[in-house]
Amino acid sequence: PEQLLCAAVLEDAVKMLLAPETRHTRGQQRLDLVWVLSPESSYTFDFLNICDALDLDPDWIRAGVLKKRRAA
């Protein structure tokens with residue numbers, strides 16, 4: 001169950017970051033980008049901890065998100 005929650009949090013952030021920017025999504029996209037790029041890992045649902053819980057490489061995810069955002 002914990003991994004499903006972590007996956008849902010990560011999926012929601014990535015979907016928001018890759019969605020077309022609108023007046024309604026701009027603020028949330030900024031928050032999600034700060035979260036993805038943050039080096040913090042002191043809270044359970046920090047990006048790095050979620051990646052660790054899901055056995056994912058955070059740098060790989062960051063690179064993919066940034067590449068897709070630049071292309072959009």
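Helices (H or I, at least four residues) and strands (E, at least two) are DSSP runs, numbered from the N terminus. The model is predicted: local features need pLDDT of at least 70, side-chain atom pairs count only at pLDDT 80 or more, and totals for chains, interfaces and linings use all residues. Residues are numbered from 1 along each chain as its sequence is written, and side-chain values use heavy atoms, with hydrogens and water left out.

**Exercise 1.** State how many helices and strands the protein chain has, and give their pattern.

*Solution.* Step 1: the protein chain holds four helices and zero strands. Step 2: along the sequence the pattern reads α-α-α-α.

**Exercise 2.** Classify the aromatic pair formed by Trp-35 and Phe-47.

*Solution.* Step 1: rings of Phe, Tyr and Trp (its six-membered ring) pair if their centres lie within 6.5 Å; planes under 30 degrees apart count as stacked, over 60 as edge-to-face and the rest as tilted. Step 2: this rule gives one aromatic pair. Step 3: Trp-35 and Phe-47 lie 5.3 Å centre to centre with 80° between the planes, and the pair is edge-to-face. Step 4: Trp-35 is in helix α2 and Phe-47 in helix α3, twelve residues apart. Step 5: both residues are buried.

**Exercise 3.** Determine whether Asp-32 is buried, and find its nearest side chain of opposite charge.

*Solution.* Step 1: Asp-32 sits in helix α2. Step 2: Lys and Arg count as positive and Asp and Glu as negative; His and the chain ends are not counted. A salt bridge is a side-chain nitrogen of Lys or Arg within 4 Å of a carboxyl oxygen of Asp or Glu. Step 3: Asp-32 is buried and has no salt bridge; Arg-69, the nearest side chain of opposite charge, is 8.2 Å away.

How values were computed
Buried < 20%, exposed > 50% of the residue type's maximum accessible area, 1.4 Å probe, protein only.
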